[in-house]
Structures are given as C-alpha cells and as structure tokens.
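I opened my notebook to jot down what I looked up in this structure. Have a look along with me.

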Amino acid sequence: MGIDRTTDHTATAPQPGAGTPALDSPLLDVQNVEMVFGSGKHAYKVLEDCSLQVGRGEFVCLLGPSGCGKSTLMNIVAGFERPTAGVALFEGQPIEGPSPRRVVCFQDAMQAILPWETCRNNLNFALSVRRVPRHEREAIISRCLEITGLAAHGDKYPTELSGGMRQRLQISRALAVNPETMLMDEPFGALDAMTRTQMQQELLRVWAETQKSILFITHDIDESLILADRICVMNVGPSSRVIESITIDQPRPREIYDSKLSSLGRKIKALLGRSDDSH
Amino acid sequence: MSKHPSKFVSSWTDHILRLPQPILTTLSFVLFILLWWAGTVLFLDSDMIPSPDAVAFRAIDMFRRHDLTTGIEASMIRVIVGLVLGTVLGIALGLLIGRSRLIATFVDPVFQLLRNLSPTAMIPVALVWFGIGESSKYFLIFWGTFFIVAVNTTAGTRSTPQTRIRAAQCLGASEARIFISIILPSALPYIIAGIRLGVASAFMTIIPAELLAAQEGLGALLQQASLNGQIDRMFVVLVLIAVLGYGTDRAVRYLSENTFRRYTAYLSEM
C-alpha cells in the first residue's frame with residue numbers, strides 16, 4: 001500500500017497514508033515480550049506479555065502514564081536491552097542491538113547530541129560513522145538541516161540554540177542516517193507548551209516528506225491524538241502491556257477540540273483510569 | 001526627581017565591577033600590596049615581615065646575581081617534567097579505570113590506598129630510590145600529580161551521559177569510535193580540572209623536595225635564606241613561588257577557556 005504524498009499544500013496539510021498499515025508484515029513486531037529487572041526477592045517485572053506492531057510509514061504513539069515501562073519497551077525495540085522473554089523483530093529479524101535503521105531521538109536533546117560541535121559537524125559526525133564518502137556529505141547535511149528548518153543555523157553550537165532547535169538538530173541527525181524507523185522517547189516532553197505544539201506540526205511535516213515509520217512515546221493524550229495513525233495504550237506498571245490499539249482515521253492537521261477526537265480522548269482516559277484500579 | 005540613597009551607593013560598585021577582569025585582578029593585587037606596606041610601616045615588625053619595597057629591592061639584587069634565574073629554571077624544569085609524566089600516566093590510568101570494570105576492580109583498591117601517601121611522605125623513599133639528583137624530584141612531582149589527575153580523569157569518563165553513548169550506538173558507532181568521539185571529549189573538562197589541581201600539587205611538592213636535597217632551585221634558595229636568617233630573601237622566594245604557580249594555573253585555564261573552549265563552555269550553559 002502506497003503512501004500518498006500530496007503536493008497541493010493549500011487545501012490540507014500533508015496527508016501520508018492514514019492508519020491502516022500492512023500489519024501482516026509489519027516493520028516492527030514485538031511479540032509477547034517480558035522484561036524483568038533484578039532477581040529473586042528484588043525482581044521487578046516491568047513488562048509482561050507486551051505486544052506491539054509498527055507498519056512501514058506508520059506513525060504509532062505509545063501512550064501510557066509515567067513509570068509504565070514505555071521507555072523500557074523502547075529500549076528493547078532500540079536494541080539497548082534484551083527482553084527476558086518473548087521476541088522483538090525488525091523486518092522479520094530478531095533485534096540484536098542498536099542499529100542506524102532504528103535511530104532513537106531522546107528526550108534530553110542536549111545530552112544526546114555533541115555539545116562541542118556545530119550543527120553541521122553533528123550531522124557530519126553521524127555521516128562519518130556511517131562511512132558516507134566525504135563528497136556526498138555536504139548535500140545530505142544541507143538537506144537534513146533544511147527539512148527541520150535549521151538551514152540558517154548550521155554553524156551554531158548547541159548552546160546557542162533553544163530547546164526546540166536542539167531537538168530539531170537531533171531529528172536532523174537521525175534523518176541524516178536515513179533510518180527505516182525513528183524511535184522517539186518523549187522528545188517534546190521538556191519543551192514549553194507553545195514550542196511543543198509547533199514541534200508537533202514540524203514533526204508531522206518532516207514525516208510526510210520522509211515517509212519514515214515512527215514510534216513515538218508520550219504520556220500526553222492530546223499529543224497522541226494530534227500525531228498518531230494509531231495509539232497503543234499501555235497500562236500502569238508493574239507487568240505493563242499494551243492494553244489497546246486505537247486507530248485514528250482523521251486527516252491532519254487535527255484539532256483536539258474536535259468532537260470525535262475528544263471522545264476518543266475520554267475513552268483513552270477511561271482506559272488508563274481503569275488500568276490504575278486493576279492493580 | 002529624587003535619588004534613592006541605595007541606588008546611589010550601588011552605582012559606584014557597579015561601575016567598578018564593570019571594568020575588564022585583568023584590571024580588576026591587578027587592582028586586587030595592588031590593594032593587597034598597599035595593605036601589606038601600610039602594615040609594615042605602621043605596626044608590623046620588619047624582622048618578621050619585610051616591607052614590599054624591601055622585598056622588591058632584594059628581588060632585583062638576587063636577579064642581578066643570577067640567583068633567581070638559576071633557581072627558577074631548576075625548579076620549573078623539575079615541575080614541568082614531573083607534571084608531564086604525572087598528567088600523561090594519570091590520564092592513561094584514569095581512562096582505563098573509568099572504562100574497564102575489570103581493571104577498576106583490581107587496581108582501584110590499591111590505588112585508593114596509595115593515594116594517601118603525600119609526596120612529602122615519599123621524600124625519604126625517593127632519596128633512597130633515586131638519590132639526591134634530579135630523578136628524585138621528577139618522581140616526587142610525578143607522584144603528587146599522578147593520583148590527582150587519574151582520579152579526576154576517571155570521574156570524567158564515568159560522567160559521560162549514557163544518552164550520548166546510546167545515541168552514538170544507534171548511529172552505528174564502534175566502541176573505539178565512541179571512546180574517542182564521545183567519552184574523551186565529555187571527560188575533558190574533568191581532566192583539565194584534574195590538571196589544574198595537579199599543578200597546584202606540583203608547586204606545593206617542589207619546595208619540600210628541594211629543601212631536603214638540592215643545590216639549586218627555589219626550595220634550595222629558601223633553605224639557604226633560612227640558614228642565614230635572611231627574611232627578605234625568604235619572602236622573595238615565596239612571592240616567586242606564588243607567582244609561578246599562579247601563572248602556570250592561568251596558562252592551563254587559558255587552554256581550557258580558549259583552545260578547548262568548545263569542550264568546556266557548554267557545561268555551564270546546559
């Protein structure tokens with residue numbers, strides 16, 4: 001199923017393929033994963049029987065309260081941790097470790113990027129690690145900075161950038177290595193409300209242009225309603241799992257005051273509330 | 001339009017604080033010298049504390065007789081050799097302990113034990129091992145800087161944010177690449193802090209090292225002045241040690257804030 005790339009920008013915002021991915025052959029397939037930390041009396045089961053799928057080009061939000069293990073699940077998908085049971089597959093192959101095909105964007109951008117290099121050099125570092133030939137790098141760097149709106153700030157150091165711009169730099173760097181999937185761990189969590197709204201629209205624009213699959217972690221229901229093709233709701237820990245997967249068919253840009261979306265929001269709140277009681 | 005009293009008072013201190021830093025630093029020294037001079041004129045015993053001008057004249061005299069130049073040269077060479085040895089080996093060991101849990105497990109306890117032996121405590125042993133020549137001084141300065149630099153370097157390597165390492169792993173960076181491009185630069189501010197502490201330690205070590213067994217050097221000059229009861233010569237040497245230590249530290253700070261600025265400046269702005 002193809003991704004529809006609208007070139008007419010006047011009528012609606014970019015509309016990539018909405019919410020129905022080819023889930024029979026998903027890009028990312030987490031199957032009944034369990035994650036236990038510690039052992040014996042101090043063992044803590046973060047995830048139990050947790051499953052998740054992301055299709056090619058799909059924007060999936062992983063939504064759950066703090067401490068529900070979303071980050072742990074992301075660490076497994078990223079390859080930083082191995083599950084204690086179950087399996088996580090990427091393109092049908094078990095995930096063995098971190099890979100540039102599944103780049104992570106962390107919440108604290110300043111910690112993830114290199115603060116001692118300019119924006120350009122941050123991207124250059126990524127390309128150098130990927131062994132991209134030098135003569136090809138300039139074009140990629142320019143393109144990636146342009147996509148995230150940092151073209152004019154290429155020679156600035158991260159300390160000269162605002163929080164939102166640093167996050168954009170991280171996204172730029174991720175794009176530079178051309179991953180299949182971008183894993184985003186509450187990337188806008190540390191930003192103020194206005195910047196967050198702006199960044200959400202920026203991210204949707206970047207997604208429309210680049211057609212990446214995105215797994216986006218958040219605890220903000222509204223954010224997930226605005227961004228996702230599909231919301232995977234996790235319950236509060238321990239032994240968390242994805243309790244429901246909610247598809248959103250609405251075209252973007254979305255208005256959260258819209259009645260259909262707000263009723264979805266209420267439904268999700270109820271889901272999360274109920275999951276709280278069941279423990 | 002009335003002038004609020006407190007506004008009037010704050011304005012002149014504001015003006016002073018707005019002057020460039022080198023001028024403020026010089027003012028501070030000048031003030032100190034003035035107070036010292038006033039003290040010697042008014043109530044201080046000149047057999048205990050010579051006046052600044054007496055110290056200055058003696059300094060010029062010693063300089064003319066080449067006492068100072070030989071002394072400075074001898075001491076500074078020892079300090080620099082010991083510093084370089086201590087820094088290089090300290091960084092190397094610090095990096096190893098910071099990165100390898102195996103090495104840390106076996107080396108760290110012994111390291112923590114030996115740390116407590118001050119360079120001064122090691123003087124008698126150093127004389128037995130190396131004699132009264134230059135090597136014993138190099139060793140002692142090395143000893144004084146090595147542990148300090150190593151400890152700070154280890155702290156630096158361990159301070160690398162895990163996020164930064166993981167981000168680089170995502171990009172596909174090898175362990176070696178991560179070490180060179182992520183961990184080392186992250187550790188650099190700590191390493192420099194360690195070097196500065198090492199410099200201070202070196203200057204504090206060179207004097208006792210030379211007091212006991214040296215023909216030339218600032219410590220030797222101090223010893224000779226002491227035997228002859230020459231308080232003004234003693235003060236000349238003390239001022240010189242203070243100035244040399246200050247100057248060396250300033251040089252390291254200059255490196256940190258200029259040459260290596262992009263590796264250190266971001267910490268305060270994060």
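**Core.** I kept in mind that this is a predicted model. I asked which members of the largest nonpolar core touch the most other members. Of its 131 residues, they are A:Val60, A:Leu62, A:Val77, A:Phe216 and A:Cys232. Helix H9 (residues 175–212) of chain B supplies the largest share of this core, 14 residues. I also saw that domain 1 (28–101 + 181–277) and domain 2 (110–178) of chain A each give at least three residues to this core.

**A:Val60.** I looked up its contacts, leaving aside neighbours within four places in sequence. Among them are A:Val54, A:Ile214, A:Leu215, A:Phe216, A:Arg230 and A:Cys232.

**Six-stranded sheet.** I traced an open sheet in chain A with the order S6-S7-S8-S3-S9-S10 and mixed pairing. Its edge strands are S6 (102–105) and S10 (242–247) of chain A, and each pairs on one side only. From one strand to the next, the twist averages 20 degrees. Strand S9 (residues 230–234) of chain A runs antiparallel to S10(A), with five bridges joining them. I noted A:Thr247 in S10(A) as the bridge partner of A:Arg230.

**S1, S4 and S5.** In chain A, strand S1 (residues 28–37) and strand S4 (residues 85–90) pair in the antiparallel sense over five bridges. Here A:Leu28 stands opposite A:Phe90 in S4(A). S4(A) is also joined by two bridges to strand S5 (residues 93–94) of chain A, again antiparallel, and A:Leu89 stands opposite A:Pro94 in S5(A). Which residue takes a positive phi in the hairpin of S4(A) and S5(A)? I found A:Glu91, near 50 degrees, with two residues between the strands.

How values were computed:
Residues numbered from 1 in each chain as written. Chains lettered and ligands numbered in written order. Predicted model: local features only at pLDDT ≥ 70, side-chain atom pairs only at ≥ 80, totals over all residues. Core = buried A, V, L, I, M, F, W, Y, C linked by C-beta atoms within 7 Å. Buried ≥ 20, exposed ≤ 12 C-beta atoms within 10 Å, placed from the backbone. Helix = DSSP H or I, 4+ residues; strand = E, 2+ residues; numbered from the N terminus. Domains from an automatic or database assignment. Contact = placed C-beta atoms within 7 Å. Pairing = 2+ DSSP bridges. Axes fitted to C-alpha atoms, helices over the stretch in contact; angles between N-to-C directions.
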